[in-house]
Amino acid sequence: MKKKSVSAILAATMIVTMLAGCGSAKDGAQATGSDAVKDDAGQETGTSVEAETETESEEGQVLNIYCWNEEFKSRITDHYPGYEEVDGTTGAIGDITVKWNITPSKDNAYQNNLDEALLKQADAAADEKIDIFLVEADYALKYVDTDYAMKIADLGITDADLANQYQYTKEIVTDSKGDLKGVSWQGCPGLLVYRRDIAKEVLGTDDPNEVQKAVADWETFQKTAGLMADKGYHITSSAVDTYRTFSNNVTSKWVEDGKLNIDDNIMNWVTLSKEMVDAGQTGTYELWSDDWSKGFYPDGNVFCYFGPAWFVDFSMAADTQGSIASQGGWAATEGPQSYFWGGTWICATAGTDNQSLVKDIMLKLTTDEEIMTDIVVADNDFVNNVPAMEKMAADASKASKVLGGQNPLPKYCAGVGNIVMNSSSIYDQGCNEEFQTAMNNYFDGNATLEEALELFYKGVTEKYPEISIPEQ
């Protein structure tokens, strides 16, 4: 009886998602966030997966970690004291064997694999139970708002332990009851990354503080887009480049009281983007497409992209001869609004028999200032530790080759404190994907705004039939 009820909680919340992220979504329902497991008659049994976990006293011999790529594995391998690598999928920490279950995110394979394993968690053998699983922001609440993710407090991690983490990284993995269910070693605040040569030609300077004046808010940004167009440049490669900046600054959720809701700031993006596309100031290319990426090269004639540290260092063709990044031709400034893009959160699975080790991994990788500073130096991560990043921001030697010798960390640090992520829902990834797809039809002139909205409603209800659509 208990197994069936717990499985129903997870199945009701596991809604598949978009891009990388990011995959497609499948039907699901709002998570209950309930601490008590109920039987089929709706009566509380008096226990929960979390409650059962609290009775565990002995540490297990196998630590099973579920993730979608090698990033977290490399952080453990390179920075967790005492970790020994055995082979590509196995390691050891003292007497405990570490097993890595790595399933790529493409076509939602990672989440499908994790979903299946979590549904079997209650009856799994001790050595097969998931101890740690990772999530991304776009679908974090799908897992966080269930009993399958442990409260961080139940591991013995306190608010004081996490005092130096950026607040938005906590908001993303806080469930509907206000309980923190994950931690991250990363912060991913974004900047506006612009071409120095175009800035000099059109604005008369490539100094980040001066360029910021030309992109300080969306009205000014649009005026500057006109100046760029007059000189034959697109201010961005595509309308999608600015979407995340708007969607990170909403004040309401995609779904409120079971009804689909479009925040005013999302519609502000539609208005701005349509005007800019019609004026020839930006395109409608798909994110990561070849056409979208042409702006990484001189002939692409794109003034700016929006991205965090990982985007600048690893996604702008820095290792490709002839690219703007390989020549140190970019610079960075804050842009119109603060936002973030990406990040990975560590969740402890209810039922883990390795609570002490899971706790230690979380504390060392997400709160230990020395280790986190090492991660910045070795991996170019912007880490989730305020003192570490402020020290790095003041270090003149932290110059970025991609950014022509600029240390962008003061700009990142200036913006990260303004990020607020308290309007998230389990529907975010699917709704964001469907909305951008539908609006591209409008931007391209293939649909009216009303027709594009109808396409959006149709896409959302196919993914989430439990959501009601606002009256037209």
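Me: How many helices and strands are there in the protein?

Reply: There are 19 helices and 12 strands in the protein. Helices (H or I, at least four residues) and strands (E, at least two) are DSSP runs, numbered from the N terminus. This is a predicted model, in which local features need pLDDT of at least 70 and side-chain atom pairs count only at pLDDT 80 or more, while totals for chains, interfaces and linings use all residues. Residues are numbered from 1 along each chain as its sequence is written, and side-chain values use heavy atoms, with hydrogens and water left out.

Me: What percentage of the 472 residues count as buried?

Reply: A residue is buried under 20% relative accessible area, exposed over 50%, and partly exposed in between (1.4 Å probe, protein chains only). By this rule, 56% of the 472 residues of the protein count as buried.

Me: Which residues have the most contacts inside the largest nonpolar core?

Reply: In soluble globular proteins, nonpolar side chains tend to be buried together. A nonpolar core is a set of buried Ala, Val, Leu, Ile, Met, Phe, Trp, Tyr and Cys residues joined through side-chain atoms within 4.5 Å. Here the largest such core has 136 residues, and those with the most contacts inside it are F72, F133, W254, I361, F435 and M439.

Me: Which residues does F72 touch?

Reply: Contact means heavy atoms within 4.5 Å. Leaving aside residues up to four places away in sequence, F72 touches I65, W100, I132, L134, W185, I346, I361 and L365. For the protein, among contacts between residues at least 6 apart in sequence, 74% join residues at least 24 apart.

Me: Which strands pair with β6?

Reply: Two strands pair if DSSP finds at least two bridges between them. Strand β10 (residues 302-307) runs antiparallel to β6 and is joined to it by four bridges; in this pairing V193 stands opposite Y305. Strand β11 (residues 330-333) also pairs with β6 in the antiparallel sense, over four bridges, and here R195 stands opposite W330.

Me: How many salt bridges does the structure hold?

Reply: A salt bridge is a side-chain nitrogen of Lys or Arg within 4 Å of a carboxyl oxygen of Asp or Glu. The structure holds 22 salt bridges. One of them joins E85 and K73, with the closest N and O atoms 2.8 Å apart. E85 lies in strand β2 (residues 83-87) and K73 in helix α3 (residues 71-79), so the pair ties together parts that are 12 residues apart in sequence. E85 is partly exposed at 44% relative accessibility, whereas K73 is buried at 5%.

Me: Where do E210 and K213 lie?

Reply: E210 and K213 are three residues apart in helix α8 (residues 208-214), so about one helical turn separates them. They form a salt bridge whose closest N and O atoms are 3.2 Å apart. E210 is partly exposed, at 37% relative accessibility, while K213 is exposed, at 55%. Elsewhere, salt bridges that share partners join E71, R75, D379 and D381 into one network.
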